[in-house]
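Me: Could you take a close look at the place where the two chains meet, and walk me through it in one go?

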Amino acid sequence: MRALDVVWVGLGGGIGSLLRWWAGHVTGQHYHPSRFPLGTFIVNITGAFLIGYLSELFLVDWRDRYGTPLQAGVLTGFLGGYTTFSSMELDAAKLSNAGRTGYAWFYLIFSVVVGLAAAWLGVALARLQH
Amino acid sequence: MLNIIILVFVGGAMGAMLREFLMLSVPKIEGFPLDILVANVVAAFLLGWVTALYKRNILSGDVNTLAGTGIMGGLSTFSSMVYGPMVMLGTGQTRDIWTAIIYLLASIILGYIAVIIGLKLGGSDMPQPPVPMPRRDGA
């Protein structure tokens with residue numbers, strides 16, 4: 001890893017985080033525990049789709065996460081900043097605190113399963129373009 | 001508005017760079033993305049902690065935006081967490097498939113425990129006041 005990789009990761013992470021904040025903002029600033037955490041879900045699923053699509057399109061191994069602007073800036077930086085694991089877990093804790101622990105676990109597992117499917121769809125789409 | 005944009009951008013950049021440094025310092029295990037798991041669980045713990053302190057008015061809204069929305073969001077990642085296991089599932093090898101399933105389950109369970117511990121440490125297990133459910137009687 002070079003110093004330039006750190007710059008790319010930082011730049012991508014900043015832009016991705018802004019986009020995530022904006023997505024949360026437009027899907028509803030006020031999150032209600034009784035509803036589905038839509039903002040986090042949307043960024044995570046679209047981010048999973050993009051990482052699958054871009055990794056396959058540019059033939060980047062999932063273990064290689066820096067070295068080029070695409071790997072450091074987009075895959076590690078932008079998509080890492082855009083998607084979030086911590087907010088997903090906090091959403092689940094909020095649902096659990098609202099007395100909906102079963103729904104909280106459904107939300108976590110549903111996010112992961114749909115995320116896997118979205119990443120797979122991204123890979124499949126990129127393969128069609130090869 | 002500009003204030004929030006700067007805080008989220010700077011925080012997100014810091015978080016993503018921290019994750020990259022973690023990826024270099026966490027021991028490599030062949031075929032098991034331990035670095036991402038560590039970054040995610042640490043971020044979940046810290047987000048719980050920051051959220052609880054914010055709810056108790058110990059941290060300001062700006063600090064919460066910088067640290068909670070920015071740094072913890074940038075440090076944790078969902079896309080990398082699912083992409084590695086997706087590739088493993090696609091190999092069709094029994095060992096890879098089980099590694100992927102165990103990795104994903106370990107991530108969400110440890111992350112959940114971490115956020116709960118963070119909330120408790122910050123002195124709050126009710127980060128959100130209850131919202132009244134819609135009434136069914138039409139009133």
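Reply:

Chain A has five helices and zero strands. Keep in mind that this is a predicted model. Going along the sequence, the pattern of chain A reads α-α-α-α-α, and its C-alpha trace spans about 45 × 30 × 25 Å along the principal axes.

Now to the interface. On one side, 57 residues of chain B are in contact with 58 residues of chain A. Between them the two chains bury about 4600 Å², with 76% of that on carbon and sulfur atoms.

What about the polar side of things? There are 13 residue pairs in polar contact across the interface, counting pairs with both residues at pLDDT 80 or more. The elements of chain B that give two or more residues to the side touching chain A are helix 1 (2–25), helix 2, helix 3 (61–75), helix 4 and helix 5 (94–121). Helix 1 of chain B brings the largest share of that side, 13 residues. Sorted by type, the residues on the side of chain B that touches chain A come out as 37 nonpolar, 16 polar and four charged.

As for salt bridges, the count between chain B and chain A is one. The pair A:Arg63 and B:Glu30 forms a salt bridge, with the closest N and O atoms 3.4 Å apart.

By type, the lining of the second largest pocket divides into 10 nonpolar, three polar and six charged residues.

One last thing, away from the interface itself. Over all chains, the salt-bridge count comes to four. Among them is a bridge between the side chains of A:Arg127 and A:Glu56, at 3.2 Å from N to O. That pair links distant parts of the chain: A:Arg127 sits in helix 5 (residues 101–129) of chain A and A:Glu56 in helix 2 (residues 38–57) of chain A, 71 residues apart.

Technical notes
Residues are numbered from 1 along each chain as its sequence is written. Chains are lettered from A and ligands numbered from 1 in the order in which they are written. This is a predicted model: local features need pLDDT of at least 70, side-chain atom pairs count only at pLDDT 80 or more; totals for chains, interfaces and linings use all residues. Side-chain values use heavy atoms; hydrogens and water are left out. Ala, Val, Leu, Ile, Met, Phe, Trp, Tyr, Cys and Pro count as nonpolar, Asp, Glu, Lys and Arg as charged, and the others, Gly among them, as polar. Contact means heavy atoms within 4.5 Å. Buried area is the accessible area (1.4 Å probe) that two parts lose on being put together, summed over both. A polar contact is a pair of N or O atoms within 3.5 Å; within protein, one must be able to donate a hydrogen and the other to accept it, and residues adjacent in sequence count only if both atoms are side-chain atoms. Helices (H or I, at least four residues) and strands (E, at least two) are DSSP runs, numbered from the N terminus.
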